Amino acid sequence: MADARYDPDNIFAKILRGEIPCHRVYEDAHTLAFMDVMPQGEGHTLVIPKAPSRGLLDADPATLAALMASVQRVGRAVKAAFEADGLTLFQFNEAAGGQTVFHLHVHVIPRREGVPLKRHEGGMADNAVLAEQAARIRTALDAQG
Ligand code: AMP
């Protein structure tokens, strides 16, 4: 099958254009991080590049470098904010690989010993809870400098 093209009307492109809201955690010239609305664990955050890449395979290496630098930065803050024991990262490519939103993104999920992940695409989180969690992560980012 031929590789599918980037769709500029995907939901994360709309978030980047400010057409739909998100619980923003971090932003720089090349990346944006915000809370996942259907979290698999407390503090589940998504980090995306601003460049219009569908997934890992069509992304420019410079885009990946900027993305991973932000994943590390946000990952440190998420781990601190939730006093986590570890972090799980996911990055899915195409429907067969588990991808449902076709704009490159990395899931950053704080993990605690003995606490399993909830299922992918489970229930919607409460907006007030996500807002409070985003604020907690922003505070940890500020402390990181
Ligand atoms: P996947 O493409 O399988 O990596 O999953 C896409 C992720 O995006 C899922 O975890 C969804 O919960 C999440 N998601 C979908 N729409 C939104 C949205 N508007 N804001 C934040 N997260 C979203």
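**Close-up views of a strand and a ligand site**

In strand E5, the bridge partner of Thr-45 is Val-108. The model shown in these views is predicted.

**View 1. Strand E3 is mostly covered.** E3 spans residues 45-49, and five of its five residues are buried. Thr-45, Val-47 and Pro-49 point one way from the strand. Leu-46 and Ile-48 point the other way. Residues on both sides are buried.

**View 2. E3 pairs with E5 in the antiparallel sense.** Three bridges join E3 to E5, which covers residues 106-111. Thr-45 and Val-108 are bridge partners here.

**View 3. E3 also pairs with strand E2.** E2 runs from residue 31 to residue 35. The pairing is antiparallel and has five bridges. Thr-31 stands opposite Pro-49 of E3.

**View 4. The ligand takes up the space of the largest pocket.** Helix H1 (11-16) and E2 are the elements that give two or more residues to the shell around the ligand. H1 gives the largest share, three residues. There are 18 residues around the ligand. Those that come nearest are Asp-36, Thr-100, His-105, His-107 and His-120.

View 5. On its own, the ligand has 500 Å² of accessible area, and the protein covers 93% of it.

Note on methods. Residues are numbered from 1 along each chain as its sequence is written. This is a predicted model: local features need pLDDT of at least 70, side-chain atom pairs count only at pLDDT 80 or more; totals for chains, interfaces and linings use all residues. Side-chain values use heavy atoms; hydrogens and water are left out. Buried means under 20% relative accessible area, exposed over 50%, partly exposed in between (1.4 Å probe, protein chains only). Helices (H or I, at least four residues) and strands (E, at least two) are DSSP runs, numbered from the N terminus. Two strands pair if DSSP finds at least two bridges between them. A residue is near a molecule or strand if one of its heavy atoms lies within 4 Å of it. Accessible areas come from the Shrake-Rupley method with a 1.4 Å probe; for residues, only the protein chains shown count as cover. On a 1 Å grid over the protein atoms alone, a cavity is a set of points where a 1.4 Å probe fits but cannot get out, and a pocket is an open set with protein on both sides within 12 Å along at least five of seven lines; lining residues have an atom within 4 Å of a point. A molecule sits in a cavity or pocket if more than half of its atoms lie within 2 Å of its grid points.
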